Amino acid sequence: MRNMLKKPMLILAAGMLLSTMASAKTTEITLWEQMEPAVRPTYLKLVDEFMKKNPDVKVNVVHYSVEDLRTQFQNASLAGQGPDIVYGPNDNIGIFMVSDLIKPIGKVVSKDLIEKFNDGALKSGMYNGEVYLLPEFLGNQIALLYNKKLVKDAPKTWGEFLTIAKANTAVDAKDKANSKYGFLYNEKEPFWFIGFYAGFGGEIFDAKDNPTLDNEAMVNALTFVRDVRVKHGLGEAGMDYDIASQLFKQEKAAMILNGAWSWKEYEDAGIDLGVAPMPIPSKHGYALFTNASKGYSLSENTADNKGEALNKFFDYIFSPEVNAEIAINQSQAPGIEAARNLSTVKNDKLMQDSIATIEHTVPMPVIPEMRAIWDAIRPNLEAVINGKMTPEDAAKKMQKDAVDGIKTIKGE
């Protein structure tokens with residue numbers, strides 16, 4: 001009789017054990033990202049904290065450079081593989097949409113979470129009226145950075161800017177190590193240049209997404225960047241990102257242009273940093289650099305049975321406190337509206353500088369045609385700076401190259 005009673009009890013215990021094991025089954029999420037080096041330690045720490053709180057979810061984080069992430073994700077996804085989540089800039093959306101590599105966020109993520117985002121940030125992740133990217137932040141904007149030890153107050157006009165820049169310029173052609181620069185910036189990079197183009201009234205596309213580069217605004221912007229060095233004697237031949245950044249850290253450059261992602265790095269280097277919009281001699285008065293976002297998109301190959309795990313992860317990573325910590329780490333305005341109201345954000349000077357300078361920005365187009373725009377601007381901009389092409393000729397060539405590039409993208 002005793003043995004007969006034991007068997008049902010053993011069967012029941014075994015069933016309960018199997019049930020417990022099933023409920024404790026770990027769901028793996030693979031995330032590919034291209035975060036800045038300064039951000040990754042904080043991010044990985046937060047992901048580890050999430051997994052400790054949610055032992056039923058494992059997040060595998062794989063890092064790629066910007067270009068590698070794009071190409072690797074495209075190749076893997078077309079083969080039916082790749083990550084569940086891809087983290088990157090919002091201008092990837094259009095490129096990924098062309099090949100149906102990502103799915104609408106609303107298919108997986110709860111409506112309650114989507115409603116917690118700042119409106120401007122959420123719009124940066126939309127394509128044709130649907131959300132395809134959950135924005136970690138809105139920003140990525142370039143602004144004028146100045147060393148308060150060398151520049152007392154930020155210039156508010158182009159005239160004031162020239163006065164300050166020239167007063168801080170002392171270039172020794174024989175000994176560049178002893179030279180001082182009033183102003184440096186990444187002069188050959190289109191991402192910097194289009195801020196001047198927009199500031200002079202230019203728009204990249206018309207209402208039908210056709211490129212609009214051959215116009216008065218483009219000629220004025222190209223003339224402006226040429227005159228910065230040729231007419232006003234500012235900057236240095238071959239100015240690039242690293243040159244400007246290093247000289248600013250060494251207090252050999254009074255003012256530079258750089259993005260919000262870099263500001264904390266300069267403060268950590270001991271620079272008494274000032275942040276302001278960049279004045280230019282235009283009707284608007286200031287350069288209008290682009291605002292953009294980085295965030296999370298869902299692969300079209302993401303399995304449906306991972307929905308619960310994905311929502312747990314996004315609920316955590318987009319909680320106001322966590323979103324604020326990541327955003328503060330890179331001086332970007334948080335994507336979650338409630339995060340912007342936290343004291344940690346309101347009391348952070350660089351964060352408030354970031355929110356303020358966004359007012360002097362325009363949204364970055366997220367359509368795939370942007371790739372052709374960058375490729376069209378880069379060589380012609382450099383030709384103008386080096387005196388090998390007039391602004392008028394360069395504007396015409398940019399337009400032609402952009403039109404041809406878009407035809408290639410569309411396979412025409």
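Modeller: Before we look at any helix, here's a handy rule: its expected span is 1.5 Å times one less than its number of residues. Keep in mind that this is a predicted model, where local features need pLDDT of at least 70 and side-chain atom pairs count only at pLDDT 80 or more, while totals for chains, interfaces and linings use all residues. Residues are numbered from 1 along each chain as its sequence is written, and side-chain values use heavy atoms, with hydrogens and water left out.

Biologist: OK, how do you know that the span of α18 agrees with that rule?

Modeller: Helix α18 runs over residues 391-409, and its 19 residues should span 27 Å at 1.5 Å a residue; the end C-alpha atoms sit 26 Å apart, which agrees. Helix α2 (residues 40-53) works out too: with 14 residues, it reaches 20 Å from first C-alpha to last, close to the 20 Å expected.

Biologist: Which residues of α2 are buried?

Modeller: Thr42, Tyr43, Leu46, Val47 and Phe50 are. The cut-offs are under 20% relative accessible area for buried and over 50% for exposed, with partly exposed in between (1.4 Å probe, protein chains only).

Biologist: What covers the buried residues of α2?

Modeller: Among the elements that do are β1 (27-33), β2 (57-63), α12 (307-317) and α13 (320-329). Contact here means heavy atoms within 4.5 Å.

Biologist: Back to α18: which of its residues are buried, and what do they pack against?

Modeller: Pro391, Ala394, Ala395, Met398, Gln399, Ala402 and Ile406 are buried. With an arc of only 140° around the axis, they end up on the same side of α18. Their packing partners include α9 and α17.

Biologist: Why are α9 and α18 called oblique?

Modeller: They pack at an angle of about 125°, with axes 9 Å apart. Under 35 degrees is roughly parallel, over 145 roughly antiparallel, 65 to 115 roughly perpendicular, and the rest oblique, so α9 and α18 are oblique to each other. The axes are lines fitted to C-alpha atoms, for helices over the stretch in contact, and angles run from 0 to 180 degrees between N-to-C directions. Met218, Val219, Leu222, Thr223 and Arg226 of α9 make the contact with Pro391, Glu392, Ala394, Ala395 and Met398 of α18.

Biologist: Is the crossing of α9 and α17 left-handed or right-handed?

Modeller: Right-handed. That's the name if the near helix is turned clockwise from the far one by less than a right angle, and left-handed if anticlockwise.

Biologist: Then why are α8 and α17 called roughly perpendicular?

Modeller: Helix α8 (residues 190-199) packs on α17 at an angle of about 90°, with the axes 10 Å apart, and α8 and α17 are therefore roughly perpendicular to each other. Pro190, Phe191, Phe193 and Ile194 of α8 meet Trp374, Ile377, Arg378 and Leu381 of α17.

Biologist: How do you know that serine 262 is buried?

Modeller: Its relative accessible area is 0%, which makes serine 262 buried. Serine 262 lies in the loop between β10 (253-259) and α11 (263-268), and touches Leu145 and Tyr241, leaving aside residues up to four places away in sequence.

Biologist: Why does asparagine 128 count as exposed?

Modeller: Asparagine 128 has a relative accessible area of 71%, so it is exposed. Its phi is near 55°, a positive value in a residue other than glycine. Most residues other than glycine have a negative phi.

Methods:
Helices (H or I, at least four residues) and strands (E, at least two) are DSSP runs, numbered from the N terminus. The arc is that of the directions from the helix axis to the C-beta atoms.
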